[in-house]
Amino acid sequence: MKSTDEYAGFILDKLAALEVVSGKRMFGGWVIHMAGKVLGFVFEDTFLFEPGPTVDRMLPDAPRRELFPGSKLFVVIDESMNSHRLCELARACYDDFPISKPRKRRGKAAEQEEKRRKEIEERFPFAKNIE
């Protein structure tokens, strides 16, 4: 069985065409972000996609699973889903996801973050509502 780190790399590679996708280790797994919003989590070698109306419409029969006991049910993404389909799903569902709370930055870090945000908005029109 693959380690969670290797599996997170596998998922990030599949989403690489989006260019605004990143991953971060968190709580023994990985959180996957797309242009400032959480797409889902890689936990126990499974990609758990944020639930929402669009993903429910696009993948009505996909299995659901809790990230931890008592959490909401996330959509389990089959690792055999091809890269094109996964990117299409992420783009379509982007507006369903809440904006991640931004970290407060100061000085040079704040300037770099603002520059990065403007570059994303220019290159990816669907990402204009990032705050």
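Which residues does I77 touch, not counting residues up to four places away in sequence? I77 touches Y7, F47, F49, L59, L86 and L89, where contact means heavy atoms within 4.5 Å.

This is a predicted model, in which local features need pLDDT of at least 70 and side-chain atom pairs count only at pLDDT 80 or more, while totals for chains, interfaces and linings use all residues. Residues are numbered from 1 along each chain as its sequence is written, and side-chain values use heavy atoms, with hydrogens and water left out.

## Cores

I77 is in strand β6; strands (E, at least two residues) and helices (H or I, at least four residues) are DSSP runs numbered from the N terminus. At 4% relative accessibility, I77 counts as buried. Buried means under 20% relative accessible area, exposed over 50%, and partly exposed in between (1.4 Å probe, protein chains only). The C-alpha atom of I77 is separated by 9.1 Å from that of R64, 13 residues apart along the chain.

A nonpolar core is a set of buried Ala, Val, Leu, Ile, Met, Phe, Trp, Tyr and Cys residues joined through side-chain atoms within 4.5 Å. The largest one has 30 residues, and the members that touch the most others are L15, F47, F49 and I77. At least two residues of this core come from each of α1 (4-14), β2, β3, β4 (46-49), β6 (73-77) and α3 (83-93). The largest share, 5 residues, is supplied by α3. Apart from this core lies another, of 7 residues, with V31, F43, L48 and L67 among them. In soluble globular proteins, nonpolar side chains tend to be buried together.

## Second largest pocket

A pocket is defined on a 1 Å grid over the protein atoms alone, as an open set of points where a 1.4 Å probe fits, with protein on both sides within 12 Å along at least five of seven lines; lining residues have an atom within 4 Å of a point. The second largest pocket holds about 190 Å³ of space, the volume being the space filled by probe spheres set on the points, which are joined across faces, edges and corners. Its lining is made of M26, F27, G29, W30, F41, V42, F43, L67 and F68. Two or more lining residues come from each of β2 (29-34) and β3 (37-43), and β3 gives the largest share, 3 residues. By class, the lining has 8 nonpolar residues, 1 polar and no charged. Here Ala, Val, Leu, Ile, Met, Phe, Trp, Tyr, Cys and Pro count as nonpolar, Asp, Glu, Lys and Arg as charged, and the others, Gly among them, as polar.

## Loops with positive phi

Most residues other than glycine have a negative phi. F27 is not a glycine, yet has a positive phi of about 55°. F27 is found in the loop between β1 (21-26) and β2. E44, in the loop between β3 and β4, also has a positive phi, near 50°.

## Cysteines and T54

A search of the whole structure finds 0 disulfides, a disulfide being a pair of cysteine sulfur atoms within 2.5 Å. T54 is in helix α2 (residues 53-58) and touches A92, C93 and D96, not counting residues up to four places away in sequence. The table gives accessibility for selected residues.

| Residue | Relative accessible area | State |
|---|---|---|
| C87 | 3% | buried |
| C93 | 1% | buried |
| T54 | 10% | buried |
| F27 | 77% | exposed |
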